[in-house]
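Begin with a pair of helices, then move on to the nonpolar cores and to one residue in a helix.

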Amino acid sequence: MPEHDVDPGRSAFDGLGPDSPETLEWRRVHPITPLVRGWAVVGAAVVILGQQSLEGGPRGGLVALVSSEYWWTLLAALAAVALVGWGYSALAWRMTTFAVGEETVHLRRGILFRQQRHARLDRLQSVDIRQPLVARFFGLCELTLETAGGTDSGVAIGFLKGADADELRAELLARAAGLKVGGTRHVAGAAPAPSDAVTAPAPDGTLPHDAGGPAQDLPQPLPAGSLEAPQVPVLTVPLGRLIASVVRSGAMITLILWALGVVVVMIVTGEFAVISASLPAVLGAGGYLFNRLTGEFDFRVAISPDGVRLRHGMLETRSQTIPPGRVQAVRLVQGLLWRDRDWWRVQVNVAGYGGESEEKNSVLLPVGTREEALTVLSLVLPDLGVDEPRRVLDAGLDGDSRTESAYVTAPRRTRILDPVAWRRNGFTVTGRALLLRRGRVVKVLDVVPHERTQSLAVSQGPWQRRLGVASFQVHSTEGPVHPEVPHLEAADAALLMTEQARRARTARAAAGPERWMERQGE
């Protein structure tokens, strides 16, 4: 997504036809937005001033400073920082506007350096509604559009009232699907125009049509209130299972072993300073586990005509909508301590989900039974293109070279390179996807739809060349899923690379339009 520095008096998007600035209605976000954003500056100031007071203030630290005659300096400093933070946020709010066109969403922002961003709706990968803790007190949400343009391609519109954010999300998904939205939508308290209308899908995802006449192939507009697509709940992750999965995770075991090691070293050496030296590592691991627990709290999965809907979070709630066909790759992974419960974690690659938000946004199921994992897999890849999909998937999750299956596996001589998991390394191809399995202690099954193949690679190290084997990789968009299978026969890897490139070209040529509802109106 391009980002431009422009003259405030002139738009960078002049000449874009129906989405030119002259034809758009520019809107501002909710007026309380500066107050919500300003709290981040105040919180940071409290931490910094508290640290400085403890280190360089009067003896006795912060308590002594507050009780001394200089207590007013601390309050004055906090007040000054708060005024600057909220003042800057208010000015930023004043300079921030957004508009929704027929094909594009526009965002203008910036004080000293004006920026304009636009996101094409036909390239929309997901629409998320984020509600930080402070915003929840005011009933506000931030709406984020992720497009296929890298980790910084998102357009964040915030903050809006919860109902307005839901309404805007529904409109954007309807436009991205190719539905005809009439009139102008109003956000942040403005009443909709009487002519507002939208062609909404039926609960089964089909479009209504006229009974006859010359316009029978055109979808009929419905009142504006029918924008929101119905959803069907699929599953909810119980809190007890989530806590148990975190306790049984590798990060928790590492943290426990580290703590035991620190205690042993302290007993042997008699040095208590080892505790403070190891404190950053302990806090880092503990923070990761805490963020995982709070971020995946109350995880809910639902399905609707506009895509897969996910909702989760304790301190910060997130509502994600992933439109059909936007998932680039899927991973099902199972750790050793989850084996007896047959729990699986499902992660996905979605263009735009990367960087700092990767861990929060790329989880399709934090922990679930095998049946639940295969259910959510079917939501993003309904058809594997094979007669017995469950047999193929079970072989990918549990099978190895000793079980008869359709998987091409690594040769026996590779046990010197991978003595534990060499029997698991293998792949199979179905009519719709490429499946790659590996790992014994941590079992992994990667599923890549043929049309989502970005590029392919075959690599061969010196020991692999000596043994006549090679590793095969599928390059996907940025995310937690890195599809690969190690130590295949060199001839099998080369043939797979050639055939998969052909399958990818064929699948992309036969793929439907980016606006997925258009195919139903043909």
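In this predicted model, helix α6 (residues 239-247) and helix α8 (residues 273-295) have axes that come within 10 Å and cross at roughly 160°. Angles over 145 degrees count as roughly antiparallel, and α6 and α8 are therefore roughly antiparallel to each other. The crossing of α6 past α8 is right-handed.

Which residues of α6 and α8 meet? From α6 come Leu 242, Ile 243 and Val 246, and from α8 come Leu 289, Arg 292 and Leu 293. The residues of this contact of α6 with α8 divide into 5 nonpolar, 1 charged and no polar.

Next come the cores. In soluble globular proteins, nonpolar side chains tend to be buried together. The largest nonpolar core here has 38 residues. Val 330, Leu 332, Val 346, Leu 364, Leu 435 and Val 447 have the most contacts inside it. Among the elements that give two or more residues to this core are strands β15 (327-334), β16 (343-350) and β17 (363-369), along with helices α10 and α11 (389-398). Val 346 shows what such contacts look like: leaving aside neighbours within four places in sequence, its partners include Val 330, Leu 332, Leu 364, Ala 373 and Val 376. A second, separate core has 21 residues, including Val 100, Ala 119, Leu 121 and Leu 173.

Helix α10 spans residues 370-380 and contains Leu 379. Is Leu 379 buried, partly exposed or exposed? Buried means under 20% relative accessible area; Leu 379 has 21%, so Leu 379 is partly exposed. Beyond its neighbours within four places in sequence, Leu 379 is in contact with Val 234, Val 301, Ile 303 and Val 308. Val 308 is 71 residues from Leu 379 in sequence, yet their C-alpha atoms are 7.0 Å apart in space.

Definitions and conventions:
Residues are numbered from 1 along each chain as its sequence is written. This is a predicted model: local features need pLDDT of at least 70, side-chain atom pairs count only at pLDDT 80 or more; totals for chains, interfaces and linings use all residues. Side-chain values use heavy atoms; hydrogens and water are left out. Helices (H or I, at least four residues) and strands (E, at least two) are DSSP runs, numbered from the N terminus. Buried means under 20% relative accessible area, exposed over 50%, partly exposed in between (1.4 Å probe, protein chains only). Contact means heavy atoms within 4.5 Å. A nonpolar core is a set of buried Ala, Val, Leu, Ile, Met, Phe, Trp, Tyr and Cys residues joined through side-chain atoms within 4.5 Å. Axes are lines fitted to C-alpha atoms, for helices over the stretch in contact, and angles run from 0 to 180 degrees between N-to-C directions. Angles under 35 degrees count as roughly parallel, over 145 as roughly antiparallel, 65 to 115 as roughly perpendicular and the rest as oblique. A crossing is left-handed if the near helix is turned anticlockwise from the far one by less than a right angle, and right-handed if clockwise. Ala, Val, Leu, Ile, Met, Phe, Trp, Tyr, Cys and Pro count as nonpolar, Asp, Glu, Lys and Arg as charged, and the others, Gly among them, as polar.
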